[in-house]
Each structure stands twice: as structure tokens, then as C-alpha cells.
Amino acid sequence: MILEVADLNVRFNTPEGDLHAVNGLGFSVAKGRTLGIVGESGSGKSQSVLAMMGLLAGNGSAAGSVRFDGKEILNLPPRQMNKLRGMRIAMIFQDPMTSLNPYLRIGTQMMEVLEQHKGMKRADARERSVEMLRSVHISDPGARFASYPHELSGGMRQRVMIAMALLCDPDLLIADEPTTALDVTVQAQILGLLKELQAELHTAVILITHDLGVVAGSCDDVLVIYGGQVMERGPVDEIFYAPRHPYTRGLLSSMPSQGANKHAPLTVIKGSPPDLRCLPAGCPFVARCDQRLNICESERPGQFSVGTGHLSACHLESAS
């Protein structure tokens, strides 16, 4: 495994009290595979990876274990973490317009990555940057190299972000909602590009999204989280065709139907996510679950094996 996360906890100190954003999260990712992390907004998807990358806000803290290529990296000193970020672990953020510096040309920003991490001379860095722009299917890469971010479309800016992330051939690529602001056609192009580059470079990918359709077409394994906790994890086919946790089933049933059932009414998960400053003593999903048991109120469920590599954190598994 290139990445192994165990008992990851993330806390934020706020004037209203401690906010428990991630609670005992655990998962692993192998080289060449894609793990999809899904859940509603506020479930802890982004904060879990920001903690791994050492990018939490100033009032945040992380505890637990994050082992990258066998070495513990959680809470590494900034200087040591900077050697990993961009070089061996890269991240694509949700909004490329706010991630790219609007005052610098695309080429300047790309060359800076190579000069900083690879120690390349400017001419070599320029050649490598243009080559990478071409590899992400940007037309006339030489001209785009000299452009400012605002001169590019949203889809093209996202391609630039992917190119920048892959400049140093990282072992792990984290993509946080990489297609959120893009139309369906461009979204498909970006996801196809990520898959193509992953196959070529054998990079491990963590894809964070709330879109289950994206997960179905792009991921090998899925981690479903809610209230900062793992609800279910397993191979993508198992999660989609044999979901075990009520929360996973609720997410899937809220997707628009296709084919003969495309006019079927959408179902919704009633209620709202829990207050992360005051989580329930038991299962975080208990207030919204129509299959809850008495034990769900008071005792946090463990992770029960329900198939090969398939786990469900639900008391129903022990009761069945």
C-alpha cells in the first residue's frame, strides 16, 4: 500500500466549542488504484485529506496515523512535508481559479514547481511544462503556457491544475471535487484524462466527490463517510450493487434513475447531518435512519465484514 490511514481524528477549536470533523477514519490505497471518498457536504471528506497534507486551518489539529510509503507523515514539520507535497503527493483542488495565481502566467507557475522540487534549469522546466500541457490535451500548449488563468476556460484551467499536479510524477494524486464547476461534457473529459494519465503513470488516486455517478465510472474502491466516520467501504461494484449500510442505500436511492425507471420520483434522506460539536454517543446517522435499533443510540458500531474487502459500520450486521 502506498498510503495507510488509521484512527485519523481532526478537531477544530471554535468559540462555540470543539468541532469533531473527522473521527477514527481508516483506509488504505494501493499503487495504480483509485479510491473514491463520498458523503454529503460537511461529512469530513476534504478535512481528512487536508490533515494528511498538513494543510489544516490554524485552529485545526490532527491525531492518529498516516503512513505514506511506510513512513509516518501526519504532523510532519513543514520543511519535511514540503519535500513530499508536489513531489510525491500532489493535490488538485475544487476551484482552479482560486488555486492558480491570477497575477502570474501559467508557464511561470508550472516552471516554479519544477525549479523548486526538481532543481531544473529554466529552459528544461519550460520544455517539461509545455510537454505536460500537451499531455493533458491542451491545444497549442506553447501559447497557453504564456496565458494568464483568466484567459482560459474552466475546463482548461482544470487541465492546467492536473498538469501541474503531475509535473513531478507523484506516487499519490488527491483530487478534491475536481469537476464540481464544470459542465457534463467537460467533466467526462477531465475524468477520462485522469484515468488515462493514471494508467500511464501507475499513480494512486484519491477522488473526493459527492457525485456517485463519478465514483461508479472512475473508482476501484469506495469509502462512504458521514459525520467524519466510516459508514461503509469496499470494492465499487459491491458498494453499488450490494450496499449494506442504510446511509449508503439512501445516497444511492437519491440518484436520478436511468432507463425504464428514469421518471421514478427521487427519494431523499430525511433530516440533516449531525452537529459536529455535539455528535451522538452511538451511530452518527441514528437520527435519520429508519432502520435504527435501540443500541444505535448509545453505542458506536464497529466495522463488520460483509464480503471480501467489504465492511459496514452498522449494528444491523450483528443483529442479522
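Y226 stands opposite Q229 in β10. This is a predicted model in which local features need pLDDT of at least 70 and side-chain atom pairs count only at pLDDT 80 or more, while totals for chains, interfaces and linings use all residues. Residues are numbered from 1 along each chain as its sequence is written, and side-chain values use heavy atoms, with hydrogens and water left out.

Trainee: In what sense do β9 and β10 pair?

Mentor: Strands are DSSP runs of E with at least two residues, helices are runs of H or I with at least four, and both are numbered from the N terminus. Two strands pair if DSSP finds at least two bridges between them. β9 and β10 form a hairpin with two residues between them, and G227 in the turn has a positive phi of about 60°. Their six bridges run in a sense that is antiparallel.

Trainee: Which are the edge strands of the open sheet of eight strands?

Mentor: Pairing in this sheet is mixed, and the order is β6-β7-β8-β3-β9-β10-β12-β11. An edge strand pairs on one side only, which here applies to β6 (89-92) and β11 (304-307).

Trainee: Which residue stands opposite R233 in β12?

Mentor: β10 is joined by two antiparallel bridges to β12, residues 310-312. In that pairing the residue opposite R233 is L311.

Trainee: Is Q229 buried or exposed?

Mentor: Buried means under 20% relative accessible area and exposed over 50%, with partly exposed in between (1.4 Å probe, protein chains only). Q229 lies in β10, residues 229-235, and five of the seven residues of this strand are buried, so β10 is largely enclosed by the rest of the structure. With a relative accessible area of 6%, Q229 is buried.

Trainee: With which side chain does the side chain of Q229 make a polar contact?

Mentor: Contact means heavy atoms within 4.5 Å, and Q229 touches N23, L25, V224, P284 and R300, not counting residues up to four places away in sequence. A polar contact is a pair of N or O atoms within 3.5 Å; within protein, one must be able to donate a hydrogen and the other to accept it, and residues adjacent in sequence count only if both atoms are side-chain atoms. At 3.1 Å, the polar partner of the Q229 side chain is the side chain of R300.

Trainee: What is the angle between the planes of Y226 and Y247?

Mentor: Rings of Phe, Tyr and Trp (its six-membered ring) pair if their centres lie within 6.5 Å; planes under 30 degrees apart count as stacked, over 60 as edge-to-face and the rest as tilted. The structure holds three aromatic pairs. Y226 and Y247 form one that is tilted, 4.7 Å centre to centre, with a plane angle of 50°.

Trainee: How many residues apart in sequence are the parts that Y226 and Y247 tie together?

Mentor: Y226 lies in β9 and Y247 in helix α11 (residues 246-253), so the pair links parts whose separation in sequence is 21 residues.
Relative accessibility is 2% for Y226 and, for Y247, 0%. The separation asked for is thus 21 residues.

Trainee: Why is the pair of Y226 and F285 edge-to-face?

Mentor: Y226 is buried, and so is F285. Y226, Y247 and F285 form one aromatic cluster. The ring centres of Y226 and F285 are 5.3 Å apart, and the pair is edge-to-face because the planes stand at 85°.
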